[in-house]
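Biologist: Hi! Could you walk me through this one? I'd like to start with how the chains meet.

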Amino acid sequence: MNPILGIVASSISGSLNASSYESIQTVTVGAGGQSSISFTSIPATYKHLQIRALARTDRASNPQDFLQIRYNSDTGANYAYHSLYGNGASAGGNDTGTSTANPWSAIVAASTATASVFGTFVADLVDYTNTNKYKTLRSLSGIDNNDTNGRLYFQSNLWQNTAAVSTITIQPVYGTNFVQYSSFALYGVKG
Amino acid sequence: MAAGSTYTPIATTTLGSAQASYTFSSISGSYTDLILVIAGTLNSSSSVYIQCNSDTGSNYSRTYLQGNGTSATSGRDSSQTYAALGYLNSTAQGNCIFQFQNYSNATTYKTILCRAGAADDLTRAMVGLWRSTSAITSILVAPVSGSFATGTTLTLYGIAAA
């Protein structure tokens, strides 16, 4: 049994067996960009899900953008989030209040970041098939641009729905498209 | 469809004596992400840095967020000769977990996340940048000052996406 300590931002504790972590789907954005990333027909055979990504959007006039992660095609105001961040000068936090249709789930790079700079994140969706709980996602994300535009975010998201998650959709909050070479991978962790 | 299990230990070591640095070399490009886990102590409190592919140029930067039990602070450093993303001290068993996403792509600069801390001291999260589009084939990890203490473990994992 191999102790796995590297699941960052996860509520998973203790040791896991390496064979309990499986790749489910991957999307790499091609030339021309892509407005959203969808993981569909997610099997219910895992206990938790993890999304790992490298991303940049076409948001104009900004070096950073946020992305939103939503479930089962629900675009209603059924989400909430809290953030803790560092911007290289100070630490701060923000939230959305009780409900929003556009939860900030991670920070990524955008159009005025230095060419070839992408943001990255690891997000864990815990107990995604449990029909007795609202669903909670938390993430660690960041972008560094070798200047004052670096940002690091811890974020907690809530989907106020007890349905099992079978579809995940990821979109830029401000930009229109994820740019080429952005890559998103979905993994399952067995219970 | 799931592609089967993937979270593979690539290399691991437990230091038999104090050591100023450790290098994971000849890293295969067959994974999607790398995760480097360090558990242990140093002989004095220090940030823990990485250098990729033996690059000692001023091609690294970082932005961090940390809490020390009294306050939360954030800072940054640009154009460094290493990315000081981790942290350990001499008095508490701590850990540093580095995440290298898409480490073998030859198109993007490499953005690295790290969480680190020593429970009697501070906890820290960082994002670092290595301004190179080269695939990462080796990682040197070392304290900015001092050495890794005897018994410190360093393990590199690979994750392969479907």
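Biologist: How many residues does the contact take from chain B and from chain A?
Modeller: The contact takes 46 residues from chain B and 43 residues from chain A, where two residues are in contact if their C-beta atoms, placed from the backbone, lie within 7 Å. This is a predicted model: local features need pLDDT of at least 70 and side-chain atom pairs count only at pLDDT 80 or more, while totals for chains, interfaces and linings use all residues. Residues are numbered from 1 along each chain as its sequence is written, with chains lettered from A and ligands numbered from 1 in the order in which they are written.

Biologist: Which strand of chain B gives the largest share of the side that touches chain A?
Modeller: Strand 6 of chain B, with seven residues. Strands are DSSP runs of E, at least two residues, numbered from the N terminus; helices are H or I, at least four.

Biologist: And what does chain A have in secondary structure?
Modeller: Chain A has zero helices and 12 strands.

Biologist: How much of chain A is buried?
Modeller: Of its 191 residues, 51% are buried, meaning 20 or more other C-beta atoms, placed from the backbone, lie within 10 Å of the residue's own.

Biologist: Switching to chain B, what does Ile50(B) touch?
Modeller: Leaving out residues up to four places away in sequence, Ile50(B) touches several residues, including Tyr82(B), Leu85(B), Phe98(B) and Val141(B).

Biologist: Last one: what box do the C-alpha atoms of chain A fill?
Modeller: Along the principal axes, roughly 45 × 40 × 35 Å.

Key: A residue is buried if 20 or more other C-beta atoms lie within 10 Å of its own, exposed if 12 or fewer, and partly exposed in between; C-beta atoms are placed from the backbone.
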